[in-house]
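Please open the model in your viewer and keep the selection tool at hand.

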Amino acid sequence: MEYFPLLELPEDLQAMVVERVARNSFQDLYRLRASSRSMKALAEMRRVYHYFDVLSFPWGLIMPSQLLKTCYAENNPSTIFVKGVQFFYSYDEQDYGLSLLKRAADAGYERAVYTHAMTQAIFYGDAQYFRRIPRATVDRVGKLVRDAKWGWGLWHTDEFHQIKAMFTSTYVPSFYLCQCANVVDRQCLCLWHIDVTKDDNMCERCFWIKEISLFFRDFEPISLFRDTSKW
């Protein structure tokens, strides 16, 4: 197997490679960093911190607080997203939290694009941001957001629970009544089985009712990263 001569590239292209690796994998970045002095120097440039995805940091390892602060100072979209989630959903500082979610979404961070769209629809009745999410990617990104079970010590606000109760009683029944798709399973008319009730041919309205229902059912605030107000 032939190895790509990375060190023979111009330095600006080497820097681009390091940034791409930082975006995809902490483990690969540290392997690259250990490969040579020049790679180590490139990997330690502050602008590289902009590209880390802190939510892909290996489980079982504690991310240093200073690393998180440096990432946030470099406008790292994943840290902006984490802080936005905490401030909006746990600290009840919705204006500031929403502005952070929008910043991360505008930077193209997928989890933020999805969460910002959900937040706008749920709390402000504004569904226009769903158009930013290709329907083909909704299932994958939604699972990324909802499967982060890191809500230890942080809870949703009372407003979230009130809206959830209203949505469940008002919109979820219409999902089950709509005959837009083949019924796969129908164990009960509630949130718990809404993802296994219809096949993928459901209408647009039912598609987003299902997705919002899953968000209500499974989404938790992120507390793994301590108190983000200190960033």
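Begin by selecting aspartate 106 and lysine 102, which form a salt bridge with their closest N and O atoms 2.7 Å apart; a salt bridge here is a side-chain nitrogen of Lys or Arg within 4 Å of a carboxyl oxygen of Asp or Glu. The model is a predicted one, in which local features need pLDDT of at least 70, side-chain atom pairs count only at pLDDT 80 or more, and totals for chains, interfaces and linings use all residues. Residues are numbered from 1 along each chain as its sequence is written, and side-chain values use heavy atoms, with hydrogens and water left out.

Aspartate 106 and lysine 102 are 4 residues apart in helix α6 (residues 94-106), so about one helical turn separates them. Helices are DSSP runs of H or I with at least four residues, numbered from the N terminus. Aspartate 106 is partly exposed at a relative accessible area of 45% (buried means under 20%, exposed over 50%, partly exposed in between, with a 1.4 Å probe and protein chains only). Lysine 102 is partly exposed as well, at 34%.

Next, select glutamate 110 and arginine 140, a salt bridge with closest N and O atoms 2.8 Å apart. Glutamate 110 lies in helix α7 (residues 110-124) and arginine 140 in helix α8 (residues 135-146), so the pair ties together parts that are 30 residues apart in sequence.

Remain on helix α8 and select lysine 143 and aspartate 139, which lie 4 residues apart, about one turn of the helix. Their side chains meet in a salt bridge of 3.4 Å, N to O.

Terms used
Helix = DSSP H or I, 4+ residues; strand = E, 2+ residues; numbered from the N terminus.
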